[in-house]
Amino acid sequence: MRLARLVLFILLACAPLVVMAEPGLKAVTSSSNPDGSTSYSVTLRILLLMTALTFLPSAVMMMTSFARIVIVLSILRQALGTPQTPSTQIIIGLGLFLTLFVMAPVLDKTYNQALKPYLDDKISGEQALERAQAPFRTFMLSQTRQSDLALFSGLAGKKPAAAPEKVPFTTLIPAFITSELKTAFQIGFLIFIPFVVIDLVVASVLMSMGMMMLSPMLISLPFKLMLFVLVDGWAMIVRTLAASFAV
């Protein structure tokens, strides 16, 4: 009963605003330009922008180097034997800044070719969107295996595209993510090997000494940390990740 009264009160309070509103005022309008393009009202542009922003996290994860970097850093944390250090927040933050570093050339091209001309009213929104796709398409194609492209083209029932610029994003994005997962696990495998060797050596020594009740992970952790620090592991990992995206 109280809820019904509250709803009725809100409707009565908003009624004068509706009556006082200027008739004929349209929040969503569109008009045709002399060149054949269509211009939309500011309200509609803001609505489209806010809708596009909801897809931004997915685009960052699925269309950039973020996935590979975060997976490799997570595998490194497991290989060190410190599942809580560095924390997930630190790994995500480091992954974001490394992604900005790796994607800087792509973002620069997107800004110069699409965003800047659009802000200067030199091109339309459709042209800006089409130009913005080109740098990301080039980047993803350079990191995508042809076998993955053929896989998703076959699953979609389509023939492989004759030219790279003809590959649809509905095929390119899942193929790119599949290739990124493969590459990330390959790098993670190479990172894991030296730490597994240390674990095996420590476990063998403890077994030979009859110290079966002592956890090998507890003894091997300082040695793995010492090895990682001596070889300047963080710089090596970052260098390897950045170099893995070189075309």
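**Close-up views of a predicted model**

**View 1. Helix H4 passes helix H5 in a right-handed crossing.** In this predicted model, H4 and H5, the latter spanning residues 88-119, pack at an angle of about 145°, and their axes lie 9 Å apart. On the H4 side, the contact is made by Phe 66, Ile 69, Val 70, Leu 73, Ser 74 and Arg 77, while H5 contributes Thr 88, Ile 91, Ile 92, Leu 94, Gly 95, Leu 96, Leu 98 and Thr 99. Sorted by class, the residues in this contact of H4 with H5 comprise nine nonpolar, four polar and one charged.

**View 2. Helix H4 also packs with helix H9.** H4 covers residues 66-80 and H9 covers residues 216-230, and the two pack at an angle of about 135° with 9 Å between their axes. The two helices are therefore oblique to each other. Leu 76, Ala 79 and Leu 80 are the residues with which H4 meets H9, whose own part in the contact consists of Leu 221, Lys 224, Leu 225 and Phe 228. By class, the contact of H4 with H9 holds six nonpolar residues and one charged residue, with no polar residues.

**View 3. Leu 107 is found in helix H5.** Leu 107 has a relative accessibility of 37% and so counts as partly exposed, since that category lies between the limits of 20% and 50%. When its neighbours within four places in sequence are left aside, Leu 107 is in contact with Leu 100 and Phe 136. Leu 107 and Ala 132 are separated by 25 residues in sequence, and the distance between them in space is 9.1 Å, taken from C-alpha to C-alpha.

**View 4. Arg 145 lies in the loop between helix H6 and helix H7.** With a relative accessible area of 26%, Arg 145 is partly exposed. Apart from neighbours within four places in sequence, Arg 145 is in contact with Ser 179, Lys 182, Thr 183 and Gln 186. Glu 180 is 35 residues from Arg 145 in sequence, and the two are 9.3 Å apart in space, C-alpha to C-alpha.

**View 5. Thr 171 is a buried residue of helix H8.** The helix that holds Thr 171 runs over residues 169-208. Thr 171 has a relative accessible area of 5% and therefore counts as buried, the cut-off for that class being under 20%. Setting aside neighbours within four places in sequence, Thr 171 is in contact with Leu 149, Phe 152 and Ser 153.

View 6. Among contacts in the protein chain with a separation of 6 or more, 66% are accounted for by residues 24 or more positions apart.

Methods:
Residues numbered from 1 in each chain as written. Predicted model: local features only at pLDDT ≥ 70, side-chain atom pairs only at ≥ 80, totals over all residues. Heavy atoms only, no water. Axes fitted to C-alpha atoms, helices over the stretch in contact; angles between N-to-C directions. Helix = DSSP H or I, 4+ residues; strand = E, 2+ residues; numbered from the N terminus. Parallel < 35°, antiparallel > 145°, perpendicular 65-115°, else oblique. Contact = heavy atoms within 4.5 Å. Nonpolar A, V, L, I, M, F, W, Y, C, P; charged D, E, K, R; others polar. Left-handed = near helix turned anticlockwise from the far one by under 90°. Buried < 20%, exposed > 50% of the residue type's maximum accessible area, 1.4 Å probe, protein only.
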